[in-house]
Amino acid sequence: MTFSDIFKSSFLENVTSVSILDMVIALALAFGIGVFIFFIYKKTFQGVMYSPSFGVTLIALTMISTLVILAVTSNVVLSLGMVGALSIVRFRTAIKDPLDIAFLFWSIAVGIVLAAGMIPLAVFGSLIIGLILVLFVNRKTYVKPYIIVVTLDDAIAEKNVMEYIKSNADKLILKGKTARKGNIELTYEVRLNSEDTAFVTALSDKPHVESAVLVSYNGEYQ
């Protein structure tokens, strides 16, 4: 054993395990595709409140997963330790839109594929996924779901109200009914073919109808 063997640093040996050119290309592509994913998310967002920080998170996830996989593929021993280290990571933020899970998985998958050197797969795959999301998520439907909440002061008017709403909607489903003394609250799910909601105003003017509220409904809450 020589003097140099005693002070030999395994840390310094790993410095050149990944070339500078590979790192620059991988991280630059990860940033570019991450920005593309961010714009697709912004384009297809249909929630109540848009979160810019989630879009930035998609870019960061793409680059971070690329960085991690580059390190794993360059060292077998490190890959085993990385599996144990990442097993303690937990994502506890509530996901309100199921589509957000697809964007998170998309970002991580692109980072993994890029770090594995499959650049055409990452680029063309992302273009196809983005095109599909734009076409299907933003697809306009002719039948629009709504929730109508009607408050009555007489149970006799319940049938007349239901018949009136049914005559102005393509579909009518009773979702809930709350009865109190001198007060009845009915909740209907209706499907309309147009943006014309003037019948709700006429409904509120009918006898024994105290109020009529129309709310846009996306099918994700009861």
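Reader: Which classes of residue make up the lining of the largest cavity?

Author: Four nonpolar, two polar and two charged residues. Here Ala, Val, Leu, Ile, Met, Phe, Trp, Tyr, Cys and Pro count as nonpolar, Asp, Glu, Lys and Arg as charged, and the others, Gly among them, as polar. The model is predicted: local features need pLDDT of at least 70, side-chain atom pairs count only at pLDDT 80 or more, and totals for chains, interfaces and linings use all residues. Residues are numbered from 1 along each chain as its sequence is written, and side-chain values use heavy atoms, with hydrogens and water left out.

Reader: What makes a space a cavity?

Author: On a 1 Å grid over the protein atoms alone, it is a set of points where a 1.4 Å probe fits but cannot get out. A search of the whole structure finds one of 30 Å³ or more. About 30 Å³ of space lies in the largest cavity.

Reader: Which residues line the largest cavity?

Author: Tyr 41, Thr 44, Phe 45, Gln 46, Asp 97, Leu 99, Asp 100 and Phe 103. Lining residues have an atom within 4 Å of a point. The elements giving two or more residues to this lining are α3 and α6 (98-115). α6 gives the most, with three residues. Helices are DSSP runs (H or I, at least four residues), numbered from the N terminus.

Reader: Why is Tyr 50 called partly exposed?

Author: Its relative accessible area is 30%. Buried means under 20%, exposed over 50%, partly exposed in between, with a 1.4 Å probe and protein chains only. So 30% makes Tyr 50 partly exposed. Tyr 50 lies in the loop between α3 (20-44) and α4 (52-74).

Reader: What is Tyr 50 in contact with, leaving aside its neighbours within four places in sequence?

Author: Phe 38, Tyr 41, Lys 42 and Phe 45. Contact means heavy atoms within 4.5 Å.

Reader: How do you know that the span of α7 agrees with its 19 residues?

Author: The expected span is 1.5 Å times one less than the number of residues. For α7 (residues 119-137) that should be 27 Å, and the end C-alpha atoms are 26 Å apart, which agrees.

Conventions. On a 1 Å grid over the protein atoms alone, a cavity is a set of points where a 1.4 Å probe fits but cannot get out, and a pocket is an open set with protein on both sides within 12 Å along at least five of seven lines; lining residues have an atom within 4 Å of a point. Grid points are joined across faces, edges and corners, and a volume is the space filled by probe spheres set on the points.
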